[in-house]
Amino acid sequence: MAARPAARPPASCVNLAETVELLHRHLTAALCHTVFQRVRDRERQRRWTLAALAQFWMTVILTAPRSLTQALQESGLMFPALGAAARTSPEAFFQRAERLRPHFFQALYEAFIVQLVADARPLYAAAVSGLQERFVEVWVLDGSRLDQVAHRLKLTWDVRSALLPGCLLVLYDLLRGFPRQIAFCADAARSEVRRAQELLAQIPPGTLLVADRLYASMPFVVALSQHQLWGVLRLNRQLKVQPVKLLRRVQRGGGTLTERLVVVGSGQTAPPQRMRHIRWRARREAVDLLTTVLKPTQLRAEEALTCYRLRWQVERLFFDLKEVLDLHHFYLASPRGVAQQVYAAGLVYAAMRVAQARIAERHDLTPEQLSPAKLFPRVARVSIVIVDAESAFAATQRANPGVVLTKPDWAELPSTQVALAALMLERRRGRRRKRRYCASRHQWKSFTHLPGVRKFDLS
């Protein structure tokens, strides 16, 4: 009697096994080994290789254990692929995590993104999708300080201020929906604009950068032109703006749109620059933008306004990292341990955003119609289910030597299926929910400014 073909899930169901496969297909042991050999100076592989560390930290991000000790005790059972690392003591992991420089995880994230971009289609921000024909990339630049760490280290017992372990600077791909680069800085008090200027050299020439008024300074605008980058910045009222020519003034949508060519800057910190001033005035909205794109045919004023309104997506990125992926809970208080957790969260976030776009495309939706807060936890549970199934299959193979076994298709497991309606974004009702706020945050101190912290912890 012929076997019945496997029943296909209904169109209203989503299979999350492909999402888990996407993460593990690109983050391979070979990629980790290549990155380690390229970045290493005097470091040795040890039992806790870079691949084992990356896989373990991703497990921590997906499962959110109460402590690293608990995760280490369970890792040998849940992830046999850790190999020799799973048989070491917890002290061996903590020693390795404290000594490995953050540059390894940063390089691993960048190499992972290079591979992921090939699978990522520009499906986000459909309102400005036409910009990809006129610009190499469309990225959003923004930064955020990390949440405070618990005062567990001995040298922090007498510190009353909120202790911040560092800050982030993100280059967010507006069309692909994930951060192309994440720059972690252990010094939370370091200038965000200076860190951004150092990052400009790593951005492909011809990229359009969208940023807030913090970056609307003449040294930053000059740096954009030096690196052959375009910019859309919100006007900083401290800048001196001299009108040169009125390009357009129209009434539409209950407001007034005005375009002018202007000369920006007083010449004290940098030479004055010729820019385009875009002003939108409506009853409840007032936006003033400066752009280095002087030709309206290359970037229309309406597109510049839309790009700036979509800048909120990078704020949503920080919210998802801290709240959905639990980045407000740090398992290690040292800058090196925090950096490893940050980049592991970035790896998981980027893969899930690509999967989010694929799910939306398959069901004729836009990616923004799906909720990361609903999708990401379900993907984490499915990841654990598949890992358990892989472990059971490996144990069955060892118990039946000489028998050729066919691995089942894990996508057919019922637990990998979820209703599409359970992933849809719901419209906000009532007042907007904000992240929890600690009143002590206005009195904070960078972890690296403590007198007992050694300088090598910064690198």
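The model is predicted, so local features need pLDDT of at least 70 and side-chain atom pairs count only at pLDDT 80 or more, while totals for chains, interfaces and linings use all residues. Residues are numbered from 1 along each chain as its sequence is written, and side-chain values use heavy atoms, without hydrogens and water.

**Exercise 1.** Check the span of helix H3 (residues 50-63) against its 14 residues.

Solution. Helices are DSSP runs (H or I, at least four residues), numbered from the N terminus. The expected span is 1.5 Å times one less than the number of residues. For H3 that gives 20 Å, and the end C-alpha atoms are 20 Å apart, which agrees. Just after H3, Ala64 has a positive phi of about 50°.

**Exercise 2.** Decide how enclosed H3 is.

Solution. Buried means under 20% relative accessible area (1.4 Å probe, protein chains only). Twelve of the 14 residues of H3 are buried, so the rest of the structure largely encloses this helix. Among them are Leu50, Phe56 and Trp57.

**Exercise 3.** Classify the ring pairs Trp48 with Phe56 and Phe56 with Phe93.

Solution. Rings of Phe, Tyr and Trp (its six-membered ring) pair if their centres lie within 6.5 Å; planes over 60 degrees apart count as edge-to-face. The structure holds ten aromatic pairs. Trp48 and Phe56 are 5.7 Å centre to centre with 70° between the planes, hence edge-to-face. Phe56 and Phe93 have centres 4.9 Å apart and planes at 65°, so this pair is edge-to-face. Phe56 lies in H3 and Phe93 in helix H5 (residues 90-99), so the pair ties together parts 37 residues apart in sequence.

Conventions
Helix = DSSP H or I, 4+ residues; strand = E, 2+ residues; numbered from the N terminus. Buried < 20%, exposed > 50% of the residue type's maximum accessible area, 1.4 Å probe, protein only. Phe/Tyr/Trp six-rings, centres within 6.5 Å; stacked < 30°, edge-to-face > 60°.
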